[in-house]
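Hi there,

Here is the structure I promised to pass on to you. Have a look at it first, and then read my notes below.

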Amino acid sequence: MPVEITWWGHATCTVEDSGVRLLTDPLFARRLAHLRRRRGAPPPPEAALADVVLVSHLHSDHLHLPSLSLLAPGTRLLVPRGARRAVPGLARTAGQRGLAVTEVAPGDEVSVRAGVRVRAVSARHDGRRLPFGPRLAPALGYVVEGAARTYFAGDTGLFDTMAEEVGPVDVALLPVGGWGPYLGPGHLDAGRAARALAELAPAAAVPVHYGTYWPIGMDAVRPHEFHAPGEEFVRHARRLAPKVTVRAPAHGERVRLP
């Protein structure tokens, strides 16, 4: 059975595999601090329907408490180990909404349902809640293992052991940009994401984490960094990983892979 991916914008995707809906880094806001959503309507209410939510790290555009408050009671939430201590509002939100929170670290595996499990893997990213706060929780990626094996990288830089740690996968959801005119360390741009793709060698890939949010008042500053990463990733992937099928869905579009 193929896996179905819906990209809602930024790093937010629904992964449907074997009747299980998994939601990555839900961010449903029109505005977050100095960022506003510039492309794609906010996801519809059904985007918040999930059996399991995967949170990659503690930055507020990935662990967004107002978006988590839209989840249905009983939704299972996988977060980096230490997240509840680092983000006190997480426990409050989970308690109010009846969410089941499980903290994980690289190497941990969680059974979601018979035939579907989730494995946490490392990411190279400074995922602290505040820019200068303590490092209380690791940044993570996740591998969903069901009828297909789907890698959600979260936010990460390229690192030597990525392919070895992730293992064989069928689909890779890779970040190719960001929310501002410049990417700091611990991120993949379109070219580095294509290099990661060549090393991972999945059957299919979807670029994420680009073309959604941008700082208010900076629309004219390096606008290609907002508009171009998805197309650039497709172009680089054709050269570096020609055997991989790359789909770049529009916001809200659902694609079937591999």
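Strand β5 (residues 35–37) and β15 are antiparallel and share 3 bridges. (Strands are DSSP runs of E with at least two residues, helices are runs of H or I with at least four, both numbered from the N terminus; two strands pair if DSSP finds at least two bridges between them.) Both belong to an open antiparallel sheet of 3 strands, ordered β4-β5-β15.

Before going on, please note that this is a predicted model: local features need pLDDT of at least 70, side-chain atom pairs count only at pLDDT 80 or more, and totals for chains, interfaces and linings use all residues. Residues are numbered from 1 along each chain as its sequence is written, and side-chain values use heavy atoms, leaving out hydrogens and water.

There is also an open sheet of 7 strands with mixed pairing, in the order β9-β10-β11-β12-β13-β14-β16. Its edges are β9 (109–113) and β16 (245–246); each has a single partner strand, so one side of each lacks a neighbour in the sheet. Within this sheet, β13 (residues 171–175) and β14 (residues 204–208) run parallel, joined by 5 bridges. Here P175 stands opposite V208 in β14.

Finally, the largest nonpolar core has 52 residues, and Y142, Y151 and F233 have the most contacts inside it. (Such a core is a set of buried Ala, Val, Leu, Ile, Met, Phe, Trp, Tyr and Cys residues joined through side-chain atoms within 4.5 Å; buried means under 20% relative accessible area with a 1.4 Å probe, protein chains only.) Helix α5 (residues 190–200) gives the most to this core, with 6 residues.

Enjoy exploring!

How values were computed. Buried < 20%, exposed > 50% of the residue type's maximum accessible area, 1.4 Å probe, protein only.
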